[in-house]
Amino acid sequence: MSSLATSGRTSATGRKSPGPRKSKLGWNLLGLFVFLTAGFPVYWMLNTAIKPAKDAIDPDPSLLPTGFTLDNFRRALDIADFWGPVGRSLIVSVSVVVIGIAVGMLAALAISRFAFRGRKVVIVGILAVQMIPLVAMIIPVFLLLNDLHQYDKLSGLILTYLTFILPFTVWTLRGFIVNIPKELEEAAMVDGCSRTGAFIRVVFPLLAPGLVATSVYAFIQAWNEYLYALMLLSQENQTATVWLGNFTTKHGTEYAPMMAGATLMAVPIVVLFLLVQRKMAAGLTAGAVKG
């Protein structure tokens, strides 16, 4: 046994294999690299937001904060109406999430649990819609909303966001529902539950983490969207992402206040993640495991 163990740790040339410790170190270094790559823009945004405005345009910037000031946040709040765009963004994002989750859950349930004619066509259509670039649909969406008298209205923007968030929601929730065994519903129906009762009592609690994870991603897509909000809303009805454009004037761009405004915009997303991080992690794990 000892000879077999020794031979397992050495290669044919007599050298020792890297072993699990070196492999773990490699994965840790890769994870650290990904973290630094993804986190550096956030750090630079915060660094620029708290430094004096003159240091933000320094041609030789410093990686570490050169000073601390809250004047940039005051400037960000004074340069234009802040709470109005943020409130409109919240209305649009929450509405899109509520409608998208309600409709998407029912559509995903129908696709996952019922066999009907054209089912595969619907699934392929959902995938095809997600492959269409959003830029390609600007003119048709503008003309359609104009004919429906929904141009420059939050309701029109909500309908527009649903066109690309609903397919994502349906496809994601379908993956969660497929992983819930049908036998659980059948057992509940044998015990006297209707199909609706079986869904509410059995499937919905198991689907809850997936609903949370999908809702967060749908909220982020709606909150961060810029192009359609810019094209379909006037200056009076602008959302938070378009509001950031107020920092670019004919005299130049005020980078420090802009980064302060971006930091303020990121607060709702951070708070949302902190509130649902456990449910979201559970949902992502559930969606990745075949039940």
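This report walks through the fold, surface and salt bridges of the protein shown above.

## About the model

This is a predicted model, in which local features need pLDDT of at least 70 and side-chain atom pairs count only at pLDDT 80 or more, while totals for chains, interfaces and linings use all residues. Residues are numbered from 1 along each chain as its sequence is written, and side-chain values use heavy atoms, with hydrogens and water left out.

## Overall build

The protein has 13 helices and two strands; these are DSSP runs numbered from the N terminus, with helices (H or I) of at least four residues and strands (E) of at least two. Of its 291 residues, 33% are buried. Here buried means under 20% relative accessible area, exposed over 50%, and partly exposed in between (1.4 Å probe, protein chains only).

Contacts are heavy atoms within 4.5 Å. Among contacts with a separation of 6 or more, 71% join residues 24 or more positions apart.

## A nonpolar patch

Leu 25, Leu 29, Leu 32, Phe 35 and Leu 36 make a nonpolar surface patch of about 540 Å². Patches take residues with over 30% relative accessible area and no salt bridge, joining nonpolar side chains (Val, Leu, Ile, Met, Phe, Trp, Tyr) within 5 Å and like charges within 9 Å. Leu 29 sits in helix H2 (residues 19–50) and counts as exposed, at 51% relative accessibility.

## Salt bridges

The whole structure holds four salt bridges, each a side-chain nitrogen of Lys or Arg within 4 Å of a carboxyl oxygen of Asp or Glu. One of them pairs Asp 71 with Arg 74, with the closest N and O atoms 2.5 Å apart. These two residues are three apart in helix H4 (residues 71–79), so about one helical turn separates them. Asp 71 is partly exposed at 45% relative accessibility, and Arg 74 is partly exposed at 48%.

Arg 75 and Glu 254 also meet in a salt bridge (2.9 Å, N to O). Arg 75 lies in helix H4 and Glu 254 in the loop between strand E2 (252–253) and helix H13 (255–288), so the pair ties together parts 179 residues apart in sequence. Another salt bridge joins Arg 113 and Glu 185, whose closest N and O atoms are 2.4 Å apart. This pair links distant parts of the chain, with Arg 113 in helix H5 (residues 83–113) and Glu 185 in helix H9 (residues 182–190), 72 residues apart. Arg 113 is buried, with a relative accessible area of 13%, and Glu 185 is buried at 7%.

How values were computed:
Accessible areas come from the Shrake-Rupley method with a 1.4 Å probe; for residues, only the protein chains shown count as cover.
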